[in-house]
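Subject: Structure for your review

Dear colleague,

I am handing over the structure we discussed. Please look through it first; my notes on what was found follow below.

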Amino acid sequence: MLNLTDQFTLPLHEVSEGQSRLSGRVSRYDGLLLECDGFPVSVGSVCTVQTDQGDHVLGEVIGYNEGRNKLVLYESGAPVRAGARVDLLDQGTSVDVGEAFLGRVVDALGQPLDDQPMPVGADRVPLNGRMLNPLARKLIPGALDVGVRAVNGLLSIGCGQRIGIIAGSGVGKSVLLGMMARHTSADVVVIGLIGERAREVGEMVRSVMHLEARERISIVAVPADRSALLRIRAARRATALAEHFRDQGKNVLLIMDSLTRVAHAQREIGLALGEAPTSKGYPASVISMIPTLIERAGMGVGAHSGSITGIYTVLADGDDGNDPVVDTARAILDGHVVLSRSIAQMGIYPAIDIPASISRVMNDIVPPQQQAAARKFKRMVSLYNENRDLMLMGGYISGQDSDLDEAVSLWPRLVEYIRQDPDARADINESARLLTSIVGRT
C-alpha cells in the first residue's frame, strides 16, 4: 500500500488547511471502477481512498453521474470496502516543472525512480497544456540533427516537426530512439516511456543517461503493469515538461514510446465508462485523444519561444499498417519512419524502410541538391527490392535496364549508408554530403 505521508506530500498539492476537505464514501467498487458520494471535483482530480488495512491508495476522478463521482484507482485490486472514506488530495490540473527534472527519472506523479531526492520544480504548468493559436506559431526554422545518418539525409526532421516511428515488435525501435536521444543537437530531451516492459525501461535509462548527456535529458516512465490512468498521465506530464522548456526558448526533442500504449490505456478507461467500441475495440475517445496530445508539440508562440520536435512510436500489432491507431497517427503527424521486419532480418540496422517513409517538411528545410539525391536514393532502393527475387532466380541479364543496373551497382553503398552502429553519431551536414557523393546530383 502507499504511505501518503512519506510519498505524496511533495509532488501533489493538497487542499489548504483553511479550506474544508472535500470527501465522500464508497458506494460501489468492482476492482476497477469505484463510485462514491458526489462532492464538487473536476475530472482528473486525485483522491485518497481508505483501505481495509487502514492505509490509503490513490485514485483519479474520470467522471460523475447521477450525483456520484467515478474514480479509477492507481493500484488495481486494492482491498476497498463499501463506506470507505474518499478525500480530495489534489485538483490534478497542474504539475511541477523546471531544471530540477533534468538528469532525473520520475513517474506519472513526479515520484523519483532513480533513488535520488524528490525533484522540486521551479514552476507549475497545466497538465493538459494550453490552447495555442495556430496562426501565431512560428514557422519551422530548419532541420534538427538527430545523429542518425539515414534520417538526417533521407528523411530530414525539422525543429518543431511531429513524426512517427511505425514498427512491429522486435525490429529495433528502442535502439533507434536511444540513438536519437544520445546524439541529437536539441537543447533538452524529454522521454516518455509509456506502457513498456520494465526491463526495457531500465535498459533505455542506462543507455541514454551517460555523463555527457544526462544533464539535458528528463525521463517520465510508467511501465506496462501500472494503472491505465497513470500511463495517460505520464504522457501528458512528459508533454507538459517539454512545453515548459519550449517556453523558455529551448529546442526540445520529445520522444514518446509508445503512442499505441497511451491509446490502449485510453481504450481501457473508455470501455470502463461504457463507451461503445468501434474499429478493433477502440472507442471514439481514443481517436480524439491522439491529435489532442500530438498537437501540443510543435513550434512555440512568441519571439523568444523554442520548439518541441515530437517523435512518437506507433506499434503496428502483427505488422498491421492499417491499425486504427496507426492510421490516425499517420494522418495527424508530419511524417513517419517505417521500420521493416524484412530489412531487420537482412541484418540492416536501423531497419528503416526508406521508400515507405516520408518527411512532409523535408522539401522546405533542405537544399534542392539534397532533395534530388534523396529521391534518387529511394528510387534505387525501391527498384532493387522490386527485382531482387527475379535476379536471384537468374531471370535478369545485365544491360537490359540501365536504371536497374545502376541500382545493383550502388546497392552495397546504399546499404552501408543506412546501416549505422548505435554508438556512432552521424552529423547532419556530413550525412547530406555523403548522400550526394553516393547517388550523384540527379
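To start with the helices: the crossing in which α3 passes α4 is right-handed. The contact involves Ser174, Leu177, Gly178, Ala181 and Arg182 on the α3 side, and Glu200, Met204, Ser207 and Val208 on the α4 side. The two axes come within 9 Å and cross at roughly 30 degrees. An angle under 35 degrees counts as roughly parallel, so α3 is roughly parallel to α4.

Which residues of α4 are buried? In this helix, residues 198-208, they are Glu200, Val201, Gly202, Met204, Val205 and Val208. Their cover includes α3 (173-183), along with β8 (105-106), β11 (188-194) and β12 (217-222).

Elsewhere, 6 strands form a closed barrel with antiparallel pairing, in the order β1-β2-β5-β4-β3-β6. From one strand to the next, the twist averages 45 degrees. Arginine 28 has glutamate 35 of β2 as its bridge partner.

A word on confidence. This is a predicted model, with an average pLDDT of 90 for the protein; 94% of the residues score at least 70. Over residues 1-11 the pLDDT stays under 50, and the model has 30 contacts beyond four places in sequence for them. Residues 14-20 also have a pLDDT below 50, and this stretch has 6 contacts in the model beyond near neighbours in sequence.

Regards

Definitions and conventions
Residues numbered from 1 in each chain as written. Predicted model: local features only at pLDDT ≥ 70, side-chain atom pairs only at ≥ 80, totals over all residues. Heavy atoms only, no water. Buried < 20%, exposed > 50% of the residue type's maximum accessible area, 1.4 Å probe, protein only. Helix = DSSP H or I, 4+ residues; strand = E, 2+ residues; numbered from the N terminus. Contact = heavy atoms within 4.5 Å. pLDDT = per-residue confidence, 0-100. Pairing = 2+ DSSP bridges. Axes fitted to C-alpha atoms, helices over the stretch in contact; angles between N-to-C directions. Parallel < 35°, antiparallel > 145°, perpendicular 65-115°, else oblique. Left-handed = near helix turned anticlockwise from the far one by under 90°.
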